[in-house]
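Hi,

Here is the structure for your files. My notes on its aromatic contacts follow below.

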Amino acid sequence: MDIERHPSHRHTVAILSRGDAAARRDATAQNSRFVHVFEALAAVGIEAQPAIYDESFAEDVREQLLAIDGVLVWVNPIQDRRDRAGLDALLRDVAAQGVWVSAHPDVILKMGTKEVLYRTRSMGWGCDTALYQSAEAVRAELPTRLAAGPRVIKRNRGNGGQGVWKVESLPTSSMIKVLDATKDAPEELTLDDFLRRCAEYFENGSVIDQPFQPRLSEGVVRCYMAGDRCAGFGYHKVKALVDSPAARSEAGPRLYTSNAEPRFQRLRRLMEDEWTPQLTSLLDIARLDLPAIWDADFMLGPVLPDGTDSYVLGEINVSSVHPYPDEAPAEIARRVADRLRRKL
């Protein structure tokens, strides 16, 4: 052990989020939106401190992180038109110097982008998923896929529904109907007009294409994971990509439950015993490198012969999972404690 870094043998971590200079100056565990994570970490003997980040004082943040054992990062891929390029470079640097980073940018690239839907399409949560590297590939391949039914187009990196579209062909027109996940009403466009709207998606990434799931209006199940253990569930009926006004009117806030929720025990078993091990194997992620908190969003697929639900993966969130079930901070803390014990 590095005695100079850990003179008290007490593990230390930072909780990193975006903010300005005033937020950095005034940040405390008590006024943080992660106050329950701070409390849970303290309960397992880990000393935690806030780390407010902005590109304008990145070097101060770097010095802070190099003095501690680990950092838990809550920063969106895109926020206020800023990306994570500078932050990710900083995190790679401190990780190379021995600081544990969760989630590490390289892990995010493997499991936290939409491309994971394509790479895991053969798993039990997968479906008929295509990947396009260019607008020309969309133009060549999408019309054939639309002939079989509506599709959902997703940019590789984004959050909050940005860059997600429902696309369907029109029976008596060469136009297509598109519905932006952040909007309420669809539009009719030519395929070329639609591709012009998507042009920026190909500047530094790919585009994913999945079949639209007809049961979307019944709700989306979010399974929260702390490493490879389930930390709870969220369930809500959504408006995004739902056409029916009646179904949209039923949309509401996400309802959180513990990992013991009876309704989702089959999903918990699948995630813990089958899908997460398959995911780490397929993507070459060490179990200990799984994020301290991440989640997987599932749409309901076809009902199975025994009457149970099947699940179709729609997204994995890794960069900034918040909020989460009340029980999740304790699971996060256990995950962090275990990882730091093994690290040191």
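**Aromatic pairs and charges over rings**

The count comes to 9 aromatic pairs, taking ring centres within 6.5 Å as the rule. Please keep in mind that this is a predicted model.

Start with Phe-233 and Phe-264. Their ring centres are 5.1 Å apart and their planes meet at 45 degrees, so this pair is tilted. Tilted covers whatever falls between stacked, under 30 degrees, and edge-to-face, over 60. Phe-233 belongs to strand 12 (residues 229–236). Phe-264 sits in the loop between strand 13 (255–257) and helix 10 (265–283). The pair therefore ties together parts that are 31 residues apart in sequence. Phe-233 and Phe-264 are buried.

Phe-264 also pairs with Tyr-235. Here the centres lie 6.4 Å apart and the planes are at 35 degrees, so this pair is tilted too. Tyr-235 is in strand 12, while Phe-264 is in the loop between strand 13 and helix 10, so the contact links parts 29 residues apart in sequence. Tyr-235 is buried, as is Phe-264.

Next, a cluster. Which residues form it? One aromatic cluster is made up of Trp-125, Trp-275, Phe-298 and Tyr-311.

Finally, two charges over rings. Arg-121 places its charged end over the ring of Tyr-118, 3.9 Å from the ring centre. The charged end of Lys-166 sits over the ring of Phe-212, at 4.0 Å from its centre.

When you open the model, look at Phe-264 alongside Phe-233 and Tyr-235.

Best wishes

How values were computed:
Residues numbered from 1 in each chain as written. Predicted model: local features only at pLDDT ≥ 70, side-chain atom pairs only at ≥ 80, totals over all residues. Heavy atoms only, no water. Phe/Tyr/Trp six-rings, centres within 6.5 Å; stacked < 30°, edge-to-face > 60°. Helix = DSSP H or I, 4+ residues; strand = E, 2+ residues; numbered from the N terminus. Buried < 20%, exposed > 50% of the residue type's maximum accessible area, 1.4 Å probe, protein only. Lys NZ or Arg CZ within 6 Å of the ring centre and 35° of its normal.
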